[in-house]
Amino acid sequence: MKIISGIIGAGPNRGWNLVRIAVAVVLLVAAGLKTHQLATEPTLDNSILESRWFLMAEVEGEILFGLWLLGGMLPKLTWMATIGCFGVFTCVSLYKALAGFETCGCFGSVKVNPWYTSGFDLAILASLLKWRPRQFPLPVCERGVGGESVSASFPRFAVIAVLWLTIGLPAGYAMDSYADTTLSDVGQVVGNGKIVVLEPEKWIGKRFPLLPFIEDYSEHLQSGERSLRERLVEGEWIVVLFHYDCQNCKEAIPRYEELARRLAAKSTAPQVALIEIPPYGNREALPVADDTQCILGRLSDEKEWFVKTPTEIEFSDLICLRSDRGD
(Lines give C-alpha, C1' and ligand atoms only; values in the text may rest on other atoms or scores of the structure.)
Protein backbone atom coordinates (compact mmCIF):
# COMPACT_ATOMS: atom_id res chain seq x y z
CA MET A 1 0.00 0.00 0.00
CA LYS A 2 2.88 2.37 0.73
CA ILE A 3 4.31 1.76 -2.76
CA ILE A 4 0.95 2.48 -4.40
CA SER A 5 0.48 5.56 -2.25
CA GLY A 6 3.94 6.74 -3.24
CA ILE A 7 3.19 6.36 -6.93
CA ILE A 8 -0.18 8.09 -6.73
CA GLY A 9 1.02 10.78 -4.41
CA ALA A 10 -1.08 13.18 -2.37
CA GLY A 11 -2.43 16.67 -2.64
CA PRO A 12 -4.02 18.35 -5.67
CA ASN A 13 -2.58 15.94 -8.25
CA ARG A 14 -3.84 12.75 -6.62
CA GLY A 15 -6.92 12.50 -8.88
CA TRP A 16 -4.89 13.15 -12.03
CA ASN A 17 -2.34 10.53 -11.00
CA LEU A 18 -5.06 7.94 -10.50
CA VAL A 19 -6.52 8.63 -13.94
CA ARG A 20 -3.20 8.67 -15.81
CA ILE A 21 -2.06 5.39 -14.24
CA ALA A 22 -5.41 3.73 -15.05
CA VAL A 23 -5.20 4.98 -18.66
CA ALA A 24 -1.59 3.83 -18.94
CA VAL A 25 -2.48 0.32 -17.79
CA VAL A 26 -5.36 0.10 -20.27
CA LEU A 27 -3.18 1.33 -23.15
CA LEU A 28 -0.39 -1.14 -22.35
CA VAL A 29 -2.81 -4.06 -22.01
CA ALA A 30 -4.47 -3.11 -25.32
CA ALA A 31 -1.06 -2.84 -26.99
CA GLY A 32 -0.08 -6.28 -25.67
CA LEU A 33 -3.28 -7.90 -26.95
CA LYS A 34 -2.93 -6.23 -30.35
CA THR A 35 0.70 -7.34 -30.56
CA HIS A 36 -0.37 -10.93 -29.99
CA GLN A 37 -3.09 -10.63 -32.62
CA LEU A 38 -0.78 -9.13 -35.25
CA ALA A 39 1.88 -11.73 -34.48
CA THR A 40 -0.54 -14.63 -34.98
CA GLU A 41 -3.30 -13.43 -37.33
CA PRO A 42 -3.58 -11.87 -40.81
CA THR A 43 -4.83 -8.36 -41.55
CA LEU A 44 -7.39 -7.24 -44.11
CA ASP A 45 -5.13 -4.65 -45.78
CA ASN A 46 -8.11 -3.12 -47.59
CA SER A 47 -6.97 0.40 -46.72
CA ILE A 48 -4.09 2.22 -45.05
CA LEU A 49 -5.96 2.14 -41.73
CA GLU A 50 -6.22 -1.67 -41.94
CA SER A 51 -2.67 -2.27 -43.17
CA ARG A 52 -0.20 -4.16 -41.01
CA TRP A 53 2.29 -1.27 -40.93
CA PHE A 54 -0.33 1.22 -39.74
CA LEU A 55 -1.57 -1.16 -37.04
CA MET A 56 2.02 -1.81 -35.93
CA ALA A 57 2.62 1.95 -35.67
CA GLU A 58 -0.57 2.26 -33.63
CA VAL A 59 0.62 -0.41 -31.20
CA GLU A 60 4.04 1.22 -30.83
CA GLY A 61 2.35 4.54 -30.19
CA GLU A 62 0.15 3.01 -27.48
CA ILE A 63 3.21 1.48 -25.80
CA LEU A 64 5.06 4.81 -25.86
CA PHE A 65 2.08 6.83 -24.62
CA GLY A 66 1.33 4.29 -21.88
CA LEU A 67 4.92 4.47 -20.62
CA TRP A 68 4.85 8.27 -20.89
CA LEU A 69 1.75 8.40 -18.72
CA LEU A 70 3.37 6.16 -16.14
CA GLY A 71 6.36 8.50 -16.09
CA GLY A 72 4.15 11.44 -15.16
CA MET A 73 6.19 14.02 -17.11
CA LEU A 74 4.93 17.37 -18.44
CA PRO A 75 1.53 16.84 -16.80
CA LYS A 76 -0.32 19.71 -18.46
CA LEU A 77 0.72 18.77 -21.99
CA THR A 78 0.15 15.07 -21.20
CA TRP A 79 -3.34 15.86 -19.90
CA MET A 80 -4.21 17.70 -23.13
CA ALA A 81 -2.81 14.87 -25.26
CA THR A 82 -4.85 12.33 -23.25
CA ILE A 83 -8.00 14.40 -23.75
CA GLY A 84 -7.39 14.44 -27.52
CA CYS A 85 -6.54 10.74 -27.64
CA PHE A 86 -9.67 9.61 -25.80
CA GLY A 87 -11.78 12.09 -27.71
CA VAL A 88 -10.76 10.23 -30.88
CA PHE A 89 -11.28 6.84 -29.20
CA THR A 90 -14.80 7.90 -28.15
CA CYS A 91 -15.76 8.96 -31.68
CA VAL A 92 -14.45 5.70 -33.17
CA SER A 93 -16.13 3.45 -30.60
CA LEU A 94 -19.45 5.31 -30.91
CA TYR A 95 -19.30 5.00 -34.70
CA LYS A 96 -18.68 1.26 -34.45
CA ALA A 97 -21.46 0.86 -31.88
CA LEU A 98 -23.99 2.73 -34.04
CA ALA A 99 -22.86 0.85 -37.16
CA GLY A 100 -23.50 -2.50 -35.46
CA PHE A 101 -19.91 -3.76 -35.19
CA GLU A 102 -19.58 -6.89 -33.08
CA THR A 103 -16.35 -5.72 -31.43
CA CYS A 104 -14.48 -2.44 -31.08
CA GLY A 105 -11.15 -3.99 -32.09
CA CYS A 106 -9.40 -2.15 -29.25
CA PHE A 107 -8.15 -5.30 -27.53
CA GLY A 108 -6.95 -7.51 -30.36
CA SER A 109 -8.65 -10.88 -30.53
CA VAL A 110 -10.59 -10.20 -27.31
CA LYS A 111 -14.04 -9.13 -28.44
CA VAL A 112 -15.50 -6.17 -26.55
CA ASN A 113 -18.82 -4.61 -27.47
CA PRO A 114 -18.16 -1.07 -28.77
CA TRP A 115 -20.97 0.25 -26.56
CA TYR A 116 -18.89 -0.80 -23.53
CA THR A 117 -15.71 0.82 -24.84
CA SER A 118 -17.51 4.04 -25.76
CA GLY A 119 -18.91 4.19 -22.22
CA PHE A 120 -15.43 3.59 -20.80
CA ASP A 121 -13.92 6.27 -23.07
CA LEU A 122 -16.56 8.78 -21.99
CA ALA A 123 -15.89 7.94 -18.34
CA ILE A 124 -12.16 8.58 -18.88
CA LEU A 125 -12.92 11.92 -20.55
CA ALA A 126 -15.18 12.93 -17.65
CA SER A 127 -12.47 11.93 -15.15
CA LEU A 128 -9.86 13.93 -17.03
CA LEU A 129 -12.07 17.02 -17.03
CA LYS A 130 -12.72 16.64 -13.29
CA TRP A 131 -9.13 15.96 -12.23
CA ARG A 132 -6.72 18.22 -14.04
CA PRO A 133 -3.06 18.26 -13.06
CA ARG A 134 -2.08 21.08 -10.76
CA GLN A 135 1.47 22.46 -10.73
CA PHE A 136 3.35 23.67 -7.69
CA PRO A 137 5.14 26.97 -8.38
CA LEU A 138 8.74 26.66 -9.57
CA PRO A 139 11.40 29.29 -10.20
CA VAL A 140 11.30 30.53 -13.79
CA CYS A 141 14.81 29.19 -14.50
CA GLU A 142 13.68 25.63 -13.60
CA ARG A 143 10.42 25.51 -15.56
CA GLY A 144 10.07 23.23 -18.53
CA VAL A 145 7.50 23.22 -21.34
CA GLY A 146 4.82 21.67 -19.15
CA GLY A 147 5.69 23.59 -16.02
CA GLU A 148 7.88 20.77 -14.66
CA SER A 149 11.47 21.02 -13.52
CA VAL A 150 13.74 20.45 -16.50
CA SER A 151 16.45 18.86 -14.37
CA ALA A 152 13.90 16.38 -12.99
CA SER A 153 12.56 15.44 -16.45
CA PHE A 154 15.68 14.20 -18.25
CA PRO A 155 16.25 11.04 -16.16
CA ARG A 156 12.64 9.95 -16.71
CA PHE A 157 12.91 10.72 -20.45
CA ALA A 158 15.88 8.37 -20.60
CA VAL A 159 14.14 5.62 -18.62
CA ILE A 160 11.05 5.78 -20.83
CA ALA A 161 13.16 5.71 -23.99
CA VAL A 162 14.99 2.59 -22.76
CA LEU A 163 11.74 0.91 -21.72
CA TRP A 164 10.12 1.71 -25.07
CA LEU A 165 13.05 0.20 -26.97
CA THR A 166 13.07 -2.81 -24.64
CA ILE A 167 9.37 -3.49 -25.16
CA GLY A 168 8.72 -1.95 -28.56
CA LEU A 169 11.51 -3.58 -30.57
CA PRO A 170 10.56 -7.19 -29.68
CA ALA A 171 6.88 -6.35 -30.20
CA GLY A 172 7.64 -4.87 -33.62
CA TYR A 173 9.71 -7.90 -34.60
CA ALA A 174 6.93 -10.28 -33.53
CA MET A 175 4.27 -8.35 -35.44
CA ASP A 176 6.40 -8.13 -38.59
CA SER A 177 7.40 -11.81 -38.50
CA TYR A 178 3.89 -13.10 -39.19
CA ALA A 179 3.54 -15.17 -42.38
CA ASP A 180 0.17 -16.09 -43.90
CA THR A 181 -0.97 -19.70 -43.99
CA THR A 182 -2.62 -20.24 -47.40
CA LEU A 183 -3.95 -22.91 -49.75
CA SER A 184 -1.88 -24.35 -52.58
CA ASP A 185 -3.32 -24.80 -56.08
CA VAL A 186 -4.29 -28.38 -55.17
CA GLY A 187 -6.00 -27.44 -51.91
CA GLN A 188 -3.20 -28.24 -49.47
CA VAL A 189 -2.64 -25.98 -46.47
CA VAL A 190 0.74 -24.22 -46.73
CA GLY A 191 2.12 -22.86 -43.46
CA ASN A 192 1.77 -23.55 -39.76
CA GLY A 193 -0.61 -20.77 -38.71
CA LYS A 194 -3.98 -21.52 -37.12
CA ILE A 195 -5.77 -19.28 -39.63
CA VAL A 196 -5.83 -20.06 -43.35
CA VAL A 197 -5.94 -16.94 -45.55
CA LEU A 198 -8.08 -17.36 -48.67
CA GLU A 199 -6.91 -15.44 -51.74
CA PRO A 200 -9.54 -15.99 -54.48
CA GLU A 201 -7.94 -13.41 -56.78
CA LYS A 202 -4.97 -15.79 -57.13
CA TRP A 203 -7.15 -18.74 -58.16
CA ILE A 204 -8.12 -17.40 -61.59
CA GLY A 205 -7.30 -20.00 -64.26
CA LYS A 206 -6.59 -22.63 -61.60
CA ARG A 207 -8.55 -25.42 -59.94
CA PHE A 208 -10.96 -24.36 -57.18
CA PRO A 209 -8.88 -25.27 -54.09
CA LEU A 210 -11.65 -25.24 -51.48
CA LEU A 211 -13.41 -28.36 -52.80
CA PRO A 212 -11.89 -30.78 -50.22
CA PHE A 213 -13.16 -28.61 -47.37
CA ILE A 214 -16.78 -28.09 -48.49
CA GLU A 215 -19.49 -29.89 -46.52
CA ASP A 216 -23.27 -30.18 -46.81
CA TYR A 217 -25.89 -29.06 -44.39
CA SER A 218 -27.08 -32.53 -43.38
CA GLU A 219 -30.69 -31.41 -43.07
CA HIS A 220 -30.69 -30.25 -46.69
CA LEU A 221 -29.20 -33.45 -48.17
CA GLN A 222 -31.90 -35.88 -49.26
CA SER A 223 -31.39 -39.64 -49.23
CA GLY A 224 -29.56 -40.77 -52.36
CA GLU A 225 -28.80 -37.16 -53.41
CA ARG A 226 -25.27 -36.31 -54.46
CA SER A 227 -23.30 -34.16 -52.04
CA LEU A 228 -22.50 -30.57 -52.89
CA ARG A 229 -18.83 -31.50 -53.18
CA GLU A 230 -19.70 -34.08 -55.86
CA ARG A 231 -21.95 -31.66 -57.72
CA LEU A 232 -19.40 -28.85 -57.80
CA VAL A 233 -16.99 -30.97 -59.82
CA GLU A 234 -18.88 -30.38 -63.06
CA GLY A 235 -20.77 -27.53 -64.68
CA GLU A 236 -20.79 -23.79 -64.03
CA TRP A 237 -21.11 -22.44 -60.52
CA ILE A 238 -21.28 -19.18 -58.64
CA VAL A 239 -20.03 -19.84 -55.10
CA VAL A 240 -20.54 -17.18 -52.43
CA LEU A 241 -18.54 -17.34 -49.18
CA PHE A 242 -20.37 -15.70 -46.28
CA HIS A 243 -20.50 -15.32 -42.49
CA TYR A 244 -23.89 -15.59 -40.82
CA ASP A 245 -23.32 -12.36 -38.83
CA CYS A 246 -21.77 -10.31 -41.66
CA GLN A 247 -23.84 -7.19 -42.36
CA ASN A 248 -22.68 -7.00 -45.98
CA CYS A 249 -23.65 -10.65 -46.43
CA LYS A 250 -27.15 -10.01 -45.10
CA GLU A 251 -27.57 -7.31 -47.74
CA ALA A 252 -26.01 -9.30 -50.60
CA ILE A 253 -27.55 -12.76 -50.15
CA PRO A 254 -31.11 -11.77 -51.15
CA ARG A 255 -29.64 -10.55 -54.46
CA TYR A 256 -27.97 -13.94 -55.00
CA GLU A 257 -31.24 -15.69 -54.15
CA GLU A 258 -33.02 -13.60 -56.77
CA LEU A 259 -30.27 -14.45 -59.25
CA ALA A 260 -30.65 -18.15 -58.45
CA ARG A 261 -34.41 -17.97 -59.10
CA ARG A 262 -33.83 -16.38 -62.50
CA LEU A 263 -31.11 -18.88 -63.46
CA ALA A 264 -33.16 -21.89 -62.34
CA ALA A 265 -35.34 -21.53 -65.45
CA LYS A 266 -32.31 -21.98 -67.73
CA SER A 267 -30.88 -25.47 -68.06
CA THR A 268 -27.40 -24.29 -69.05
CA ALA A 269 -27.11 -21.41 -66.57
CA PRO A 270 -24.69 -21.48 -63.60
CA GLN A 271 -25.95 -22.72 -60.25
CA VAL A 272 -25.55 -20.63 -57.10
CA ALA A 273 -24.09 -22.10 -53.90
CA LEU A 274 -23.90 -20.24 -50.58
CA ILE A 275 -20.99 -21.51 -48.49
CA GLU A 276 -20.93 -20.52 -44.82
CA ILE A 277 -17.59 -19.89 -43.15
CA PRO A 278 -17.22 -20.98 -39.50
CA PRO A 279 -18.00 -20.16 -36.76
CA TYR A 280 -21.46 -21.26 -37.86
CA GLY A 281 -24.79 -19.71 -36.96
CA ASN A 282 -27.93 -21.75 -36.41
CA ARG A 283 -30.37 -22.05 -39.30
CA GLU A 284 -32.56 -19.26 -37.93
CA ALA A 285 -29.57 -16.91 -37.84
CA LEU A 286 -28.63 -17.46 -41.48
CA PRO A 287 -29.60 -14.60 -43.83
CA VAL A 288 -31.10 -17.17 -46.21
CA ALA A 289 -34.81 -17.61 -47.07
CA ASP A 290 -36.48 -20.95 -46.29
CA ASP A 291 -37.51 -21.36 -49.93
CA THR A 292 -34.13 -20.31 -51.35
CA GLN A 293 -33.11 -21.60 -54.76
CA CYS A 294 -29.45 -21.42 -53.71
CA ILE A 295 -27.67 -24.56 -52.60
CA LEU A 296 -26.36 -24.33 -49.04
CA GLY A 297 -23.01 -25.64 -47.85
CA ARG A 298 -20.31 -24.81 -45.37
CA LEU A 299 -16.54 -24.87 -45.03
CA SER A 300 -15.16 -27.43 -42.61
CA ASP A 301 -14.55 -26.05 -39.13
CA GLU A 302 -11.35 -28.06 -38.77
CA LYS A 303 -9.63 -24.88 -39.97
CA GLU A 304 -10.08 -21.17 -39.24
CA TRP A 305 -10.63 -19.29 -42.50
CA PHE A 306 -9.81 -15.66 -43.17
CA VAL A 307 -11.46 -13.89 -46.10
CA LYS A 308 -13.48 -10.74 -46.59
CA THR A 309 -17.15 -11.57 -47.02
CA PRO A 310 -19.20 -11.88 -49.07
CA THR A 311 -16.76 -13.20 -51.68
CA GLU A 312 -18.06 -14.49 -55.01
CA ILE A 313 -16.14 -17.07 -57.03
CA GLU A 314 -17.29 -18.20 -60.47
CA PHE A 315 -15.88 -21.38 -62.01
CA SER A 316 -16.62 -23.96 -64.70
CA ASP A 317 -15.62 -27.61 -64.29
CA LEU A 318 -13.68 -26.46 -61.19
CA ILE A 319 -11.52 -23.97 -63.13
CA CYS A 320 -11.89 -20.52 -61.56
CA LEU A 321 -12.96 -17.82 -64.00
CA ARG A 322 -13.57 -14.80 -61.79
CA SER A 323 -13.65 -13.65 -58.18
CA ASP A 324 -15.22 -10.62 -56.54
CA ARG A 325 -14.75 -9.64 -52.92
CA GLY A 326 -17.63 -7.98 -51.10
CA ASP A 327 -17.55 -4.38 -49.90
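Reader: Which residues of α3 are buried?

Author: Buried means under 20% relative accessible area, with exposed over 50% and partly exposed in between (1.4 Å probe, protein chains only). In α3, the buried residues are Arg 52, Met 56, Val 59, Glu 60, Glu 62, Ile 63, Phe 65, Gly 66, Leu 67, Leu 69 and Gly 71. This is a predicted model: local features need pLDDT of at least 70, side-chain atom pairs count only at pLDDT 80 or more, and totals for chains, interfaces and linings use all residues. Residues are numbered from 1 along each chain as its sequence is written, and side-chain values use heavy atoms, leaving out hydrogens and water.

Reader: What span does α3 reach from its first C-alpha to its last?

Author: The expected span of a helix is 1.5 Å times one less than its number of residues. α3 has 20 residues and reaches 29 Å, close to the expected 28 Å. Just after α3, Gly 72 takes a positive phi of about 70°.

Reader: Where is Leu 49 found, and is Leu 49 buried or exposed?

Author: Helices are DSSP runs (H or I, at least four residues), as are strands (E, at least two), numbered from the N terminus. Leu 49 sits in the loop between α2 (14–40) and α3 (52–71). Leu 49 is exposed, because its relative accessible area is 57%.

Reader: How many helices and strands does the chain have?

Author: The chain has eight helices and ten strands. Buried residues make up 41% of its 327 residues.

Reader: What share of contacts joins residues at least 24 apart?

Author: Contact means heavy atoms within 4.5 Å. Among contacts between residues at least 6 apart in sequence, the share is 65%.
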